[in-house]
Amino acid sequence: MTETERKLLTGDVAAIRLVHSTLIPLKCSMSSISSHVSSPRLTPLDSSAALILVHDEDDHGSPFHLNSDDDDDDDDDRIPQFDVRRPSTPPLSPTLVFLYLLVPYLKLGAMFLPHTETPLKYGLPSSLAFAVLAAFARHLLYMISRYTRAAELEDVILDLFARGRGKERRRSIVRNIARAGTGGLRVLLATVYLRESVHLLLPILPNEASKAFQLGLTAIFAVALIPLSFAQSLASKRIVYTTWLSLATYLIWLACVTYAYVQRIPLENAGWLRMGAFWQGPVTIAFAFTSSSTLSLYTSLRCSYQPVSTAKTSKTRSFKLLSVSSVVLAFLLTLPLVIFSANPIVEEPSLLQPSGLAIIPVLNTVTLLLSIPSLIISTPSLPIHERIRHSVPFSLSKTILLILVAGLSLVPTSVSAILSDILLLSALTSTYFLPALLHVVAHFFERPLTILTPHTAQTFEDRGGPDELLLRKERALQRKQFRRRILWDLGVWLLLLGGGAGFVMAIGRVAGSW
């Protein structure tokens with residue numbers, strides 16, 4: 001008896017999974033399965049024919065569904081049929097994926113935290129709660145991506161809402177809505193970043209009240225962003241260096257703010273006063289833990305894997321570990337700001353403010369500006385005719401996006417307040433509400449996979465062979481997954497209902513303020 005057969009007879013779960021992944025590929029035909037069953041040499045492995053995946057007849061977009069309620073082991077990720085890949089997705093190392101997962105949390109929301117004046121008894125629990133919810137929602141997207149084998153959020157939405165024959169028109173509409181929502185959120189983020197970058201520098205520059213000066217500074221920043229925004233992907237060295245630099249400037253800014261609060265030196269941030277009506281303490285904390293891209297980073301991490309081997313994957317390549325680690329580090333890096341917010345400095349900012357602290361708005365500006373190119377690159381391309389697109393030697397879509405961002409950043413203050421409220425609601429919805437909604441649609445309204453036990457399995461059960469043992473093991477695993485599924489569903493419904501109630505309240509409050 002071989003070692004594998006001995007492990008199977010003792011119910012070794014890893015050996016069972018290895019047999020399923022190596023001997024019975026999901027693409028094999030029923031005839032090949034029958035040939036394995038009839039082979040006397042593979043008698044101890046006959047139970048692999050006892051479980052057959054029966055897919056929906058209308059499912060042509062994703063032929064191999066993977067249950068998102070499984071253990072999500074890294075060993076499963078190395079199996080090709082569990083892989084989520086797209087040829088156009090650039091591979092990224094685990095370090096870069098961790099960087100891109102962390103940096104969105106250390107931008108505008110974190111910089112507004114010291115000015116929210118939120119009591120610590122509310123600020124600290126809110127920060128911890130939204131950090132946990134952000135990690136939970138990001139993991140939901142990760143599981144849904146593996147379930148649908150979709151590389152982008154757009155593909156996940158198409159698979160859940162417009163899958164099957166005769167739905168080309170619906171697919172086109174859903175695709176356009178998904179692309180418009182994704183692109184609109186990133187354009188609004190880039191707009192607010194550019195606008196705040198300009199306004200942060202105006203108080204420390206001459207002629208701060210001059211509209212022409214503001215227009216010229218916006219144009220200078222927009223032109224400076226062109227070579228960075230024309231990079232091909234997030235794997236480009238220009239984007240990697242600017243992202244690392246933005247992280248470094250945030251850390252220096254945090255050190256300077258800490259020094260100012262220890263020395264009781266008041267700081268001024270007029271940008272907080274220019275934001276919309278809904279930018280309050282806990283809501284701003286929730287915004288600080290929002291992010292605009294998750295699935296593309298998971299796909300890039302998957303594309304960086306080596307070919308399938310029996311060697312165990314390093315824990316550093318686990319997307320779950322990278323995601324949770326980034327949220328934990330972001331929580332630690334924003335925790336001092338929540339504490340500063342609970343003890344604001346009420347003195348006038350003009351009294352005895354050291355000139356050296358003028359570097360704080362400069363660091364704010366650099367951090368926000370260096371975040372714009374990655375947003376432009378990850379924004380879906382505009383629907384430009386192919387002949388026009390190939391007739392120019394540069395990226396016409398990115399050029400139009402930069403012009404649009406620069407133009408929106410120059411709108412009047414009343415309009416910019418409305419845009420900031422729309423940005424806030426869109427970011428909260430896409431980060432917390434949308435993953436829960438997609439999970440509910442995938443597992444409560446879509447047809448699940450069906451597992452059938454063929455007659456061949458019954459004959460082996462009658463023999464008293466290892467099939468009965470494996471089937472009992474499968475039933476035990478299903479009961480375990482069912483208990484885990486209940487916990488996940490409770491979290492999803494709490495996130496969905498809580499997010500929906502908050503969304504309705506936000507619309508009412510913002511509409512009343514407008």
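Start by selecting Ala 212, Ile 220 and Val 223: these exposed residues sit on the face of α10 turned away from its buried side. Exposed means over 50% relative accessible area, buried under 20%, and partly exposed in between (1.4 Å probe, protein chains only). Helices here are DSSP runs of H or I with at least four residues, numbered from the N terminus. A quick note: this is a predicted model, where local features need pLDDT of at least 70, side-chain atom pairs count only at pLDDT 80 or more, and totals for chains, interfaces and linings use all residues. Residues are numbered from 1 along each chain as its sequence is written, and side-chain values use heavy atoms, leaving out hydrogens and water.

Which residues of α10 are buried? Pick out Gln 214, Leu 217, Thr 218, Phe 221, Ala 222, Leu 225, Leu 228 and Ser 229.

What covers them? Show α9, α11 (237-262), α16 (359-369), α17 (372-378) and α19 (396-408), which are included in that cover.

Next, hop to α9 (residues 168-201) and select Thr 191. Is Thr 191 buried or exposed? Thr 191 is buried, with a relative accessible area of 3%. Leaving aside neighbours within four places in sequence, Thr 191 is in contact (heavy atoms within 4.5 Å) with Val 405, Leu 408 and Ser 409.

Key:
Helix = DSSP H or I, 4+ residues; strand = E, 2+ residues; numbered from the N terminus.
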